[in-house]
Amino acid sequence: MPPDRRRVVIVGGGFAGASAAVQLVRRSPVPLAVTIIDPAERAGRGLAYHAIDPDHRLNAPSFVHSLIPEDAWHFSRWCLTEGLLERDPAALSPDGCLYFRRADFGRYLEETLQAHASWPATGSTIAHLRDRAVDLSPPGEALAIRTAGGRSLPADLLFIATGNALPRLQRPFDPALAAHPAVVENPLDTPRLHEIPADARVLLVGSGLTALDVLSTLLRRAHRGEILVVSRRGLRPRPQGPVPAVLAQARSLDALAALPGRVLLERIGGPAPAFLSGAGVPATALGWLRALRAEIARVEAAGGTWYQPFDDLRDTLWQLWPKLPVAEKRRYLRQLRPWYDVHRFRSPPQNQAMVDAAIGEGRIRFIAARLKSVSTDGPGRRIAVTWRRPGDDEAQQQAFDAVINCTGPDALAGLSANPFLVSAMQRGWLRRDACAIGLEVDANGRAVGADGSARPAVRVVGPPTVGTFGDPIGAMFIGAQIHRMLPDALATLVGAGAAV
C-alpha cells in the first residue's frame with residue numbers, strides 16, 4: 001500500500017458498510033485503502049438482500065433505493081440497463097411504481113461495490129476481508145481491529161456498520177426452543193420455510209413486514225394448512241401511498257436524466273415541518289402525536305392523505321428525535337413505536353395482494369394477543385402456545401406443527417451477541433445510548449465512549465444509531481446519514497492523524 005494512503009476499516013458488509021465504502025472513495029480528497037470486514041462470501045448484500053425467494057421484494061419503490069445518495073436514480077438506471085422489468089414484469093404495480101426483488105437489489109449492491117474497488121478519481125481502493133471482527137485495541141493505543149482469523153488491521157478511521165443482528169426468539173420463548181424442529185427462529189432462512197409440510201398448522205409470531213415475506217413464501221408453495229398470525233396489537237403494515245407520476249413513471253434513461261439527482265437527499269436534509277418544530281409544540285411524544293393528528297386532519301380536509309404529514313415526520317425524524325428528553329423517547333418506544341412502524345414500513349403491493357386474497361379465502365387469520373407460554377406438546381414435534389386476547393378473561397392454548405419467529409430485529413440481543421461490539425464496549429470505545437437500544441453517537445456519528453467523550457476515529461452508522469437518531473433504517477436514510485457525517489470523517493482522515 002502506498003505510504004500516503006489512509007487506512008479505513010469498515011466492520012460490516014451490508015448496505016451501510018457498502019454505502020460508507022463507496023461514498024468514502026468517491027468523495028475523499030486523499031487516497032484511501034478501505035477494507036470491509038465481513039464473513040459473508042460476497043460483500044454488499046447483508047441480511048436483507050441475501051434473499052433467495054422471488055416473492056421477497058423491496059418494500060419501497062425503486063427510486064428511493066440508491067447506494068449513492070447524491071445520485072437518486074443510480075439503482076433505477078441499473079435496473080433499466082439490466083432489463084429487470086422484462087425479466088420480472090410483476091415488479092410493476094398498478095400505480096406505475098416498480099418493486100423489484102430484494103435479491104436483485106443485493107446484486108446491484110455487490111456489483112456497485114465491485115465497480116468502486118479501484119477508484120482512479122481519488123486513487124482509492126476497496127477490499128473485502130472475509131473474516132469476522134472480534135476485538136480492537138484499547139483507547140490510547142494505535143487503532144487496530146483484530147479478527148477471528150488472527151489478523152490485526154491498523155486503521156486511521158473505523159466505521160461500525162454492523163446493521164441488524166439475526167432474529168432471535170423473544171419472551172416467552174425458551175431460547176432452547178430454537179433447536180426444536182418445529183420452531184423457525186430465523187425467518188430469513190428460506191430453505192427452512194420450504195421444509196414445512198403443506199398441510200401443517202402454522203403460527204407466525206409477529207405481523208410486520210417479516211411476516212408478510214413468510215406468508216408470501218408459504219402461499220407461493222400452495223400451503224393448505226391453517227395459518228395464524230399473532231401479535232400483541234394485531235397491526236399490519238399499511239399499503240403504499242400515492243406517488244407523483246413524474247417519479248412513478250420515469251422508466252427510461254432519458255426520463256431519469258431529466259430528474260434532479262439530489263431530490264431525495266434534499267428532502268431528507270430539509271427543515272423539519274413547522275407543525276412539529278414550530279413554537280408552541282411541546283417536545284413530548286404526546287405533543288408530537290397530537291400535532292401530527294391535527295396536521296393529518298387539516299390535509300385530509302383539503303383532499304390529501306395521511307401519508308404527506310407522516311412522511312414529513314419520517315424524513316426529518318433524525319433532526320427531531322435528539323430534541324426529545326430521554327423520558328419521552330422511552331415513552332414513545334413503549335407506547336407509540338408499533339403504530340409508527342406499521343405506517344413507516346409499508347407493504348409491497350404484490351405481497352399485500354397475495355395475503356389479502358388468502359385472508360378473504362379464510363386461509364390466513366390475524367389476531368391480537370399476548371403470548372403467555374410456549375412449550376413442546378408432549379413427545380411429538382408440535383409446539384403448544386398459550387395466549388390471551390385483549391378483553392378475554394381466560395387464556396387459550398393451541399398446538400402447531402410449525403412456529404415461525406417474525407418479531408423482527410432485537411437491538412439489545414444484537415449488541416450482546418456481537419463479540420466485536422461487546423469488546424468495544426468493554427474497552428471503553430463505545431457505550432449504549434440513553435434508551436439502551438443502540439450505541440451512543442454524536443451528530444457526526446462519532447462513537448461516544450465510556451467516559452462520555454466522542455471518538456473521532458470511530459464512526460457508527462445505520463441501525464445501531466437508532467437511539468440517537470430515531471429512524472436510521474432503510475437505504476435512503478442510511479445513505480443520507482453517511483453523506484451528512486462524511487465531511488467531518490474525512491477531515492479526521494486528512495488531518496495529521498486520527499485522534500484516538
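This is a predicted model: local features need pLDDT of at least 70, side-chain atom pairs count only at pLDDT 80 or more; totals for chains, interfaces and linings use all residues.
Me: How far apart are the closest N and O atoms of Asp311 and Arg346?

Reply: Side chains of opposite charge can pair when their charged atoms come close. A salt bridge needs a side-chain nitrogen of Lys or Arg within 4 Å of a carboxyl oxygen of Asp or Glu. Asp311 and Arg346 form one, and their closest N and O atoms lie apart by 2.5 Å.

Me: How many residues apart are Asp311 and Arg346?

Reply: Helices (H or I, at least four residues) and strands (E, at least two) are DSSP runs, numbered from the N terminus. Asp311 is in helix α12 (residues 307–320), and Arg346 is in the loop between α14 (337–344) and α15 (349–360). The pair links distant parts of the chain, and the separation in residues is 35.

Me: Which residues are linked with Asp311 and Arg346 in a network of salt bridges?

Reply: Both Asp311 and Arg346 belong to this network.

Me: Which residue meets Asp88 in a salt bridge?

Reply: Asp88 sits in the loop between α3 (84–87) and α4 (102–115), and its partner is 31 residues away in the loop between β2 and α2. Asp88 counts as buried because its relative accessibility is 3%. The N to O distance is 2.8 Å, and the partner is Arg57.

Me: In which helix do Asp104 and Arg107 both lie?

Reply: These two form a salt bridge with their closest N and O atoms 3.9 Å apart. They are three residues apart, about one turn of the helix, and that helix is α4.

Me: How many disulfides does the structure hold?

Reply: A disulfide is a pair of cysteine sulfur atoms within 2.5 Å. Take Cys97: the nearest cysteine sulfur, that of Cys79, is 13 Å away, and Cys97 is in no disulfide. For the structure, the number of disulfides is zero.

Me: Why does Leu47 count as partly exposed?

Reply: Leu47 is found in the loop between β2 (32–37) and α2 (74–82). Leu47 counts as partly exposed because its relative accessibility is 37%.

Me: Which residues form a nonpolar patch with Leu47?

Reply: Patches use residues with over 30% relative accessible area and no salt bridge, joining like charges within 9 Å and nonpolar side chains (Val, Leu, Ile, Met, Phe, Trp, Tyr) within 5 Å. Together, the residues of this surface patch have about 240 Å² of accessible area.

Me: Which residues gather with Arg370 in a patch of positive charge?

Reply: Arg370 is in strand β13 (residues 370–376) and is partly exposed because its relative accessible area is 43%. Lys and Arg count as positive and Asp and Glu as negative, with His and the chain ends not counted. The residues that gather with Arg370 on the surface are Arg232, Arg233, Lys372 and Arg388.

Note on methods: Residues are numbered from 1 along each chain as its sequence is written. Side-chain values use heavy atoms; hydrogens and water are left out. Accessible areas come from the Shrake-Rupley method with a 1.4 Å probe; for residues, only the protein chains shown count as cover. The place of a charge is taken as NZ of Lys, CZ of Arg, CG of Asp or CD of Glu. Buried means under 20% relative accessible area, exposed over 50%, partly exposed in between (1.4 Å probe, protein chains only).
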